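Have the viewer open as you read.

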Amino acid sequence: MAFRLPSLRRNWPTASMLARGLIATVLVACIGWGGALYAANQSVQGAKKAEDAGFDGDAPTSILIEASSGSVLFEKNADELRAPSSMMKLMTAEVVFNAIKKGDIKLTDEYRISENAWRRGGAPSGGSTMFAAINSKVSVDDLLHGAIIQSGNDACIALAEAMAGNERIFAADFMTKRARELGLTRSTFANSNGLPDPGNKMTVRELGILARHIILDYPEFYKLFGEKEFTWNKIRQPNRNPLLNSMEGADGLKTGYTKEGGYGMVGSAVQNGTRLIVVVNGLEDADDRASEAKKMLEWGFRNFETRTLIAAEQPVGYAKVFGGESRSVKLVAKTPVKVMVHKNGSDKLIARIVYSGPVRAPVEAGQQVGVVKVWRSGNIAVETPVYAAESVGTGSTMRRAIDGASELVIGMFRAGAEKL
């Protein structure tokens, strides 16, 4: 259900905000199903206690995300860095998926299983393995099957060595670099498979972002995560994801365990056209990991539904323009701004347009200006880019001078007010 924004109000930034160039425009609207989108007089920071979200999770760190919009339904210590264990294989898989997509490698390429890959990740290691034979050549396609379905450490090492020369280079120059490109700013990697190393750290939030990216950007490869078994070297192994056999619509993604990190899982399921992604980590028992992930997914499906807050191309507000023919530019979202809300309509939502400004002219139609952020009960629920709906040319010399003087006075006024 879309709605019309009845009014807009611009919050003048503080001097410190002017120094950073950040401006927040608050959207004020009423949502027809009983919840409300409120204007905020102060910024919302941090997450509310877990019990305020209506769910009492047992995992030390966890997050529940709606895949289409990226809306966060629940989070608990979601930004705490922990050992990701084999869940880190999602990053290795993404690097390989991306290389295939760009044409750098092919599924039919064959990579040799080195003695290092065999000893550290193969049959002699005692860990999860696809049982690839030493010095054998295995196709990229089969190595991906082994890494994803069987959680084969040998498969990951073989991919890393073939693509980068060794695991350390692969972790630094491939995994970390690619993670930063995807916006994973805190994740660090020391190897390709998640075997214990102090350099392997991820948050459940960034694992969830990574899982969402894989689901949305690589649908042809994502199917691998739902395959229930894979046989290599005449050894059949089932998929280690317990949700595949215990929950309707479950089709991914990855489990993990190390003594340091505990038991964790990245899972996803689709019901009635809605896909949810769950990440839990730090649990003490494999059964608890499975039950906690399933409980969170079921809670999400049972209690939430998707609502459209702003339709695609619908004006969402204005950004101030510096030195332009017009003093402001209309902003739109290219895709609908949707958020998952409680079915009982009890949510309190806050939406802000946040941009770096004033935006300097000229402004091109379609130019990204900022983002619209929506908070639900104190937690960020969704963040969507907003774009200029029209072009704004450069104004006259007098216009630019007036705008410059105006911004200087505003900055001085706000700086003086802060000292009072």
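## Asn-200, tucked away

Asn-200 counts as buried, at 2% relative accessibility; buried here means under 20% relative accessible area, exposed over 50% and partly exposed in between, with a 1.4 Å probe and protein chains only. This is a predicted model, so local features need pLDDT of at least 70 and side-chain atom pairs count only at pLDDT 80 or more, while totals for chains, interfaces and linings use all residues. Residues are numbered from 1 along each chain as its sequence is written, and side-chain values use heavy atoms, with hydrogens and water left out.

You'll find Asn-200 in the loop between helix H6 (167-181) and H7. Helices (H or I, at least four residues) and strands (E, at least two) are DSSP runs, numbered from the N terminus. The Asn-200 side chain reaches the backbone oxygen of Leu-195 at 3.0 Å.

Helix H5 (residues 153-164) is largely enclosed by the rest of the structure, because eleven of its twelve residues are buried. Among the buried ones are Asn-153, Asp-154, Cys-156, Leu-159 and Glu-161. The cover over them includes H2, strand S6 (110-112), helix H3 (115-121), H4 and H6. At 1.5 Å a residue, H5 should span 16 Å, and its end C-alpha atoms are 16 Å apart, which agrees; the expected span is 1.5 Å times one less than the number of residues. After H5 comes Gly-165, with a positive phi near 105°.

Helix H9 (residues 286-303) passes the length check as well: its 18 residues should span 26 Å, and the end C-alpha atoms are 26 Å apart. At its start, a side-chain oxygen of Asp-285 comes to within 2.7 Å of the backbone nitrogen of Asp-287. The buried residues of H9 include Arg-289, Glu-292, Met-296, Trp-299 and Phe-301.

## Empty space

Rolling a probe the size of a water molecule over the atoms shows where empty space is left. On a 1 Å grid over the protein atoms alone, a cavity is a set of points where a 1.4 Å probe fits but cannot get out, and a pocket is an open set with protein on both sides within 12 Å along at least five of seven lines; lining residues have an atom within 4 Å of a point.

The largest pocket has about 730 Å³ of space. Of its 29 lining residues, Ser-69, Gly-70, Arg-212, Val-382 and Glu-383 are the closest to the centre. Strand S4 (61-66), helix H7 (204-217), strand S16 (337-342) and strand S20 (379-388) each supply at least two lining residues.

## The whole chain

Zooming out, the chain has ten helices and 20 strands. Buried residues make up 54% of its 420 residues. Of the contacts with a separation of 6 or more, 66% join residues 24 or more positions apart.

Notes:
A polar contact is a pair of N or O atoms within 3.5 Å; within protein, one must be able to donate a hydrogen and the other to accept it, and residues adjacent in sequence count only if both atoms are side-chain atoms. Grid points are joined across faces, edges and corners, and a volume is the space filled by probe spheres set on the points. Contact means heavy atoms within 4.5 Å.
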